[in-house]
Amino acid sequence: MGSESKRSLHIAMFPWLAHGHITPFLELSKFLSLRGHAVSFLSTPNNVARLARAHPELPPSIRLVSLPLPCVPNLPSSAESTSDLDIDSVPYLKKAYDLLEPALTRFLSGSRVDWVIHDFASHWLPGAAAQLGVGSVFFSTFNATALTLLGPPSEFIGGRFQKPEDLTTVPAWIPYETTVCLRLHEVLRHQRCMDDEVSDFCRFGHVIDGCDFVIVRSCREFELEPLSLLQELYQKPAIPIGLLTPAIREEVGDDDEKWKALKSWLDTKREKSVLYVALGTEVILSHELTNELAAGIEKSGLPFVWVVRNRLVPAGFEERVSGRGFIWAGWAPQTRILAHEAIGGFLTHCGWNSTIEALSRGLPLVLFSGGSSDQGLMARFLHEKQVGFEVPRDEADGSFTGDVVAESIRRVMVEHEGEPIRATARAMKEVFGNMELQNKYLEEFAGILEKGFTKDQKMVN
């Protein structure tokens with residue numbers, strides 16, 4: 001593929017310090033390296049070490065570069081990712097991330113970088129890159145629907161979002177019918193992870209306003225109207241780069257025996273009969289809500305695989321569901337599990353990574369929002385798209401009962417009224433699992449970088 005390029009570029013990648021951001025940035029890096037470009041992937045030492053361990057297959061054209069994370073008060077010295085912290089400590093990680101500006105600027109100025117592809121959090125980066133003559137691209141790991149809720153950059157730099165209720169209604173600038181907005185409990189939860197000096201709204205506003213153009217992890221086949229609207233809101237190109245659908249990873253690691261045990265168990269189950277339950281690496285439910293979720297899974301009467309952190313399940317639960325349920329503690333090989341023919345649905349926290357993995361397999365979703373960042377928006381959006389059903393919860397505090405969990409699971413997995421959901425999710429495999437289609441988006445984006453796109457150019461559809 002390298003022969004298609006006019007010349008080899010040096011591209012720097014600088015994701016936010018969260019697994020759900022680092023993963024798509026790495027997938028994009030792999031594609032760009034296949035085009036013959038050199039990629040410098042910049043992160044902190046612990047994240048770089050994790051990537052090197054998990055991806056020994058990375059080619060020499062992708063260089064992992066460590067930038068030591070500066071110390072800030074109230075941030076544990078070992079914490080370099082949102083998964084290392086509780087939600088109330090994340091603002092300190094954002095303060096430390098901002099202090100990487102001098103190190104990153106030194107790297108850009110001394111490494112002959114053509115483009116830097118960055119995340120929402122580095123609000124200072126487009127300006128620093130422009131001063132050095134380096135092109136900057138904001139890569140939104142959130143989909144277009146989530147971005148449209150924020151509106152034009154002037155809205156969130158100017159402080160439109162003064163109170164939580166401002167995000168709980170569909171904004172006036174969205175011209176099409178939609179129910180996508182946040183619930184009060186989701187806004188209040190997200191406020192806890194925002195830096196009091198630079199809000200996430202300001203971060204988004206400044207990176208969108210200052211970058212050369214925006215790329216979005218999405219495709220027109222799934223988000224035609226929101227993608228078109230973004231270009232109007234931003235007054236600059238907002239280019240879909242496809243879904244970066246991950247391949248099934250066949251790595252052999254410490255959990256390989258565990259995977260063999262699960263696979264043997266799944267092999268005994270009927271096709272599409274098992275519910276997969278996983279709430280991501282950062283969703284932590286209270287003891288009371290964990291009990292309600294477990295009660296709902298149990299009351300559904302369906303076989304399931306539940307990925308939990310630290311085996312935090314109610315006392316007696318494993319004994320009561322013995323043979324019907326498989327509890328997996330810790331990190332799980334999700335793409336492998338979802339690919340097994342016995343899996344028939346996914347109870348998810350509505351992260352975009354997990355959603356893409358599930359719909360690439362045509363699996364319907366039980367939508368259980370993790371309650372932070374874009375997850376509530378995703379729950380409403382996917383419910384509206386009829387690829388899943390959102391578990392009803394109290395809008396003010398996010399509480400729910402085991403009964404509504406059980407009813408939601410059964411609707412999505414087996415009840416007659418859920419058949420339209422199952423049919424729509426199956427059809428999504430033709431979009432989400434279509435690697436040829438998704439690669440076309442990536443090739444279009446690579447072509448723009450290779451031609452040397454500038455702010456003055458207009459997007460040609």
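Which strands and which helix are included in what covers the buried residues of H4? The cover includes strand S1 (10-14), strand S2 (38-43), strand S3 (62-66), strand S4 (115-118) and helix H5 (125-131). This is a predicted model, in which local features need pLDDT of at least 70 and side-chain atom pairs count only at pLDDT 80 or more, while totals for chains, interfaces and linings use all residues. Residues are numbered from 1 along each chain as its sequence is written, and side-chain values use heavy atoms, with hydrogens and water left out. Helices (H or I, at least four residues) and strands (E, at least two) are DSSP runs numbered from the N terminus.

**Helix H4**

- In helix H4, which spans residues 101-110, Leu 104, Phe 107 and Leu 108 are buried, where buried means under 20% relative accessible area, exposed over 50% and partly exposed in between, with a 1.4 Å probe and protein chains only.
- Seen down the axis of H4, the buried residues fall within an arc of 95°, so they line one face of the helix; the arc is that of the directions from the helix axis to the C-beta atoms.
- An α-helix has 3.6 residues a turn, so residues three or four places apart point the same way.
- On the other side of H4, Arg 106 and Gly 110 are exposed, and H4 is followed by Arg 112, whose phi is positive, near 50°.

**Packing of H15 and H18**

- Helix H15 (residues 352-359) packs against helix H18 (residues 419-432) at an angle of about 100°, and their axes are 8 Å apart; axes are lines fitted to C-alpha atoms, for helices over the stretch in contact, and angles run from 0 to 180 degrees between N-to-C directions.
- That angle makes H15 roughly perpendicular to H18, a class that covers 65 to 115 degrees, with angles under 35 counted as roughly parallel, over 145 as roughly antiparallel and the rest as oblique.
- From H15, Trp 352, Ile 356 and Leu 359 make the contact with Ala 425, Met 428, Lys 429 and Phe 432 of H18, contact meaning heavy atoms within 4.5 Å.
- These contact residues divide into 6 nonpolar, no polar and 1 charged, where Ala, Val, Leu, Ile, Met, Phe, Trp, Tyr, Cys and Pro count as nonpolar, Asp, Glu, Lys and Arg as charged, and the others, Gly among them, as polar.

**Buried residues in loops**

- His 340, in the loop between helix H14 (334-339) and strand S11 (343-348), is buried with a relative accessible area of 11%.
- The side chain of His 340 makes a polar contact with the side chain of Asp 267 at 2.7 Å, a polar contact being a pair of N or O atoms within 3.5 Å of which, within protein, one must be able to donate a hydrogen and the other to accept it, and residues adjacent in sequence count only if both atoms are side-chain atoms.
- Ser 369 lies in the loop between strand S12 (365-367) and helix H16 (375-384), is buried at 4% relative accessibility, and has a side chain that reaches the backbone nitrogen of Gly 376 at 3.3 Å.

**Cys 202**

- Cys 202 is found in helix H9 (residues 200-210) and, at 22% relative accessibility, counts as partly exposed.
- The C-alpha atoms of Cys 202 and Phe 156 are separated by 6.0 Å, although these residues are 46 residues apart along the chain.
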